[in-house]
Amino acid sequence: MSILERSHLAIIQEVAREGSLTAAGARLNLTQPALSHSIRKLESQLGVKIWQREGRSLVLTQAGAWLLSLANRLLPQFTLAEDRLEQFALGERGTLRIGMECHPCYQWLLKVVSPYLERWPKVDVDVRQKFQFGGIGALFSNEIDILVTPDPLYKPGLKFTPVFDYELVLVVGPGHPLRNSQYVLPDQLIGEILITYPVPSERLDIYTQFLQPAGIAPRQQKQIETTDIMLVMVSHGRGVAALPRWLVEEYASRFELYPVKLGINGIAKQIFLGHRETDEDIQYLRDFIELAGMNQ
């Protein structure tokens, strides 16, 4: 059991500030006898005097002066900590940790994060790419708070909210023979160099929803990490890529690119935000999801 408690520091600080036990007791909602008893007990347990009387005045001993210095340093920190924890409890302060399972979604995320930070000046945003394609485990282990993914994996304790609809399209350059086609069929990609993000093919929709069901594979797959380099390569005829139509449209002013529908019906996708059900009451998390749904 600890001997020195926060209440003792508060008493020492108030007596020094008010100059008397009676006035300090009134500030602390304690009677003068209760305050005196608390300090006498502390002095007995510590084996040291905190005050000594000089006439009608209380004067701090050397030990008391040291405790007053400690109180002046620590008590404001306690108050700050309580204020911060109250803000956390009310969802007004914290760090929102976002894990990405969607390579091209950074451009979209920027549109959400900027107004979000303005709306929540006391909340920071940390985007974590290292959890790519291991996001479910990161959610369960509390390493991230929100998972951005096009492929939700529904598990007990997790909730996924669709926030963004998009179409996956084939992207070709100005000299490609498919540039004016209404749609492309799987066998038309047999001789192509397919440029993708560095992701296993079983996690790429161009394979799972388009090529593999038809038993087709491209001539070569080339993996590139950055969207800009990928699109530079496509615009210069070094390959084709499968990306969201909205992303191609955003880059249209920088590169000459042509989106082509994948199959007669196209491939419709959604971006989901996953979070733990136990975090439902965190206001700044709920607001991020709501804001994300408005930025389509």
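N29 is found in the loop between α2 (21–28) and α3 (32–46) (helices, H or I, at least four residues, and strands, E, at least two, are DSSP runs numbered from the N terminus). The model is predicted, so local features need pLDDT of at least 70 and side-chain atom pairs pLDDT 80 or more, while totals for chains, interfaces and linings use all residues. Residues are numbered from 1 along each chain as its sequence is written, and side-chain values use heavy atoms, without hydrogens and water.

Q: Is N29 buried or exposed?
A: N29 has a positive phi of about 60° although it is not a glycine. Its relative accessibility is 72%. Buried means under 20% relative accessible area, exposed over 50% and partly exposed in between (1.4 Å probe, protein chains only). N29 therefore counts as exposed.

Q: What is the relative accessible area of N142?
A: Phi of N142 is near 65°, a positive value in a residue other than glycine. N142 is found in the loop between α6 (135–140) and β5 (146–149). N142 counts as partly exposed because its relative accessible area is 42%.

Q: How many bridges join β8 to strand β9?
A: Strands pair here if DSSP finds at least two bridges between them. In β9, Q220 is the bridge partner of I193. β8 and β9 (residues 220–223) run parallel, and the bridges that join them number four.

Q: In β10, which residue is the bridge partner of L194?
A: β8 pairs with β10 in the parallel sense, over two bridges. From β8, L194 and T196 point one way and I193 and I195 the other way, and all are buried. The bridge partner of L194 in β10 is V240.

Q: What is the volume of the largest cavity?
A: A cavity is a set of points on a 1 Å grid over the protein atoms alone where a 1.4 Å probe fits but cannot get out. Points are joined across faces, edges and corners, and a volume is the space filled by probe spheres set on them. The count comes to one cavity of 30 Å³ or more. The largest cavity has a volume of about 300 Å³.

Q: Which element gives the most to the lining of the largest cavity?
A: The lining has 21 residues, and P104, Y197, R203, L204 and D205 lie nearest the centre of the cavity (lining residues have an atom within 4 Å of a point). Two or more lining residues come from each of β6 (158–172), β8 (193–196), α7 (205–211) and β10 (240–244). With three residues, the element that gives the most is β10.

Q: How much space lies in the largest pocket?
A: A pocket is an open set with protein on both sides within 12 Å along at least five of seven lines. The largest pocket is lined by 13 residues, of which H103, Y106, E225, T226 and T227 lie nearest its centre. At least two lining residues are supplied by each of α5 (106–119) and α8 (227–235). The space in the largest pocket is about 220 Å³.

Q: With which residues is T227 in contact, leaving aside its neighbours within four places in sequence?
A: T227 lies in helix α8. T227 counts as buried because its relative accessibility is 12%. Contact means heavy atoms within 4.5 Å. With its neighbours within four places in sequence left aside, T227 is in contact with Y197, L247 and Y251.
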